[in-house]
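Q: I'm new to this one and would like to go through it slowly. Could you take me through the strands and then the place where the chains meet?
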Amino acid sequence: DTGVSQNPRHKITKRGQNVTFRCDPISEHNRLYWYRQTLGQGPEFLTYFQNEAQLEKSRLLSDRFSAERPKGSFSTLEIQRTEQGDSAMYLCASSLAQGYGELFFGEGSRLTVL
Amino acid sequence: GENVEQHPSTLSVQEGDSAVIKCTYSDSASNYFPWYKQELGKRPQLIIDIRSNVGEKKDQRIAVTLNKTAKHFSLHITETQPEDSAVYFCAASGGGGADGLTFGKGTHLIIQP
């Protein structure tokens, strides 16, 4: 499968714990995005990278969230001191950086904070 | 920032009939408007998109129209089929240097047999 892959697919954690999600984009795509989706809502933009540079972060992204893409390939999204409100599906997407174009989404990582 | 409103939240149509989903956006500088389809438990997938220099685009049974003056765009699906049942999201991007898509809340399209 040469699509966007994410892991873990499901994560259950206790409030206050840290969690990390990984995204492997389509290999030739140099843009990588993180979105969050809750039930009945559309994906909500969190942040994006062009190669290894993090070019934009949503104002909604609290300081407990950090994302990296150290070598311009895979990316990690870490949530520190998780809260119940962090429970959501975390979607990663990638695209070619030529203006606006199709986002290819992964299947997501579902986080449940107890 | 950009704000996208989408209506209706649920749409039920008879198989073979047409379905129309409407979205409005707030940032007049936005210039790219995609539509994504998300089947239950699956990832969103692009079905059609339109850029601000075009008023209408068609792809088989699917069409999108854009009215930049009124800041709204619509998805039209003709001859609906059971496999069209899904949640559809509109989105807007561009303007102010922001590259992240802003999505609407989605429309659950139900095709009645």
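Q: How many bridges pair strand β3 with strand β8 in chain B, and in which sense?
A: In this predicted model, strand β3 (residues 19-25) of chain B and strand β8 (residues 72-77) of chain B pair in the antiparallel sense over six bridges. Strands here are DSSP runs (E, at least two residues), numbered from the N terminus, and two strands count as paired if DSSP finds at least two bridges between them.

Q: Before going on, what should I know about the numbering and the confidence limits?
A: Residues are numbered from 1 along each chain as its sequence is written, while chains are lettered from A, and ligands numbered from 1, in the order in which they are written. Because the model is predicted, local features need pLDDT of at least 70 and side-chain atom pairs count only at pLDDT 80 or more, whereas totals for chains, interfaces and linings use all residues; side-chain values use heavy atoms, with hydrogens and water left out.

Q: Ok, back to β8(B): which residue is the bridge partner of Val20(B) there?
A: Val20(B) has His76(B) as its bridge partner in β8(B). His76(B) is also the bridge partner of Ala63(B), and β7(B) and β8(B) run antiparallel, joined by six bridges.

Q: What is the strand order in that sheet of chain B?
A: Five strands of chain B form an open sheet in the order β1-β3-β8-β7-β6, with antiparallel pairing. At the edges stand β1 (4-7) and β6 (56-59) of chain B, each with a single partner strand, so one side of each is left without a neighbour in the sheet. From one strand to the next the twist averages 15°, where axes are lines fitted to C-alpha atoms and angles run from 0 to 180 degrees between N-to-C directions.

Q: And β6(B), how many bridges does it make with β7?
A: β6(B) pairs with strand β7 (residues 62-67) of chain B in the antiparallel sense over four bridges, and Glu56(B) has Thr65(B) as its bridge partner in β7(B). The hairpin of β6(B) and β7(B) has two residues between the strands, and in this hairpin Gln60(B) takes a positive phi near 60°.

Q: What about the hairpin of β7(B) and β8(B), which residue has a positive phi there?
A: In that hairpin, which has four residues between the strands, Lys71(B) takes a positive phi near 55°.

Q: Why point those out?
A: Because most residues other than glycine have a negative phi, and most peptide bonds are trans.

Q: Where are the cis peptide bonds, then?
A: In chain A, a cis peptide bond joins Asn7(A) and Pro8(A), with omega about -5°, and Pro8(A) lies in the loop between β1 and β2 (10-13) of chain A. In chain B, the peptide bond from His7(B) to Pro8(B) is cis, with omega near -5°, and Pro8(B) is found in the loop between β1 and β2 (10-14) of chain B.

Q: Let's move to chain A: which strands form its open sheet?
A: Four strands of chain A form an open sheet in the order β1-β3-β8-β7, and the pairing is antiparallel. Here β1 (5-7) and β7 (65-68) of chain A stand at the edges, each with a single partner strand, so one side of each is left without a neighbour in the sheet.

Q: How does β7(A) pair with β8?
A: β7(A) and strand β8 (residues 75-79) of chain A pair in the antiparallel sense over four bridges, with Ala67(A) standing opposite Leu77(A) in β8(A).

Q: Now the chains together: how many residues are in contact?
A: 21 residues of chain B are in contact (heavy atoms within 4.5 Å) with 21 residues of chain A. The two chains bury about 1700 Å² between them, 49% of it on carbon and sulfur atoms; buried area is the accessible area (1.4 Å probe) that two parts lose on being put together, summed over both.

Q: Which side chains meet in a salt bridge there?
A: Those of Glu107(A) and Arg43(B) do, at 2.8 Å, N to O; the term stands for a side-chain nitrogen of Lys or Arg within 4 Å of a carboxyl oxygen of Asp or Glu. The count between chain B and chain A is one salt bridge.
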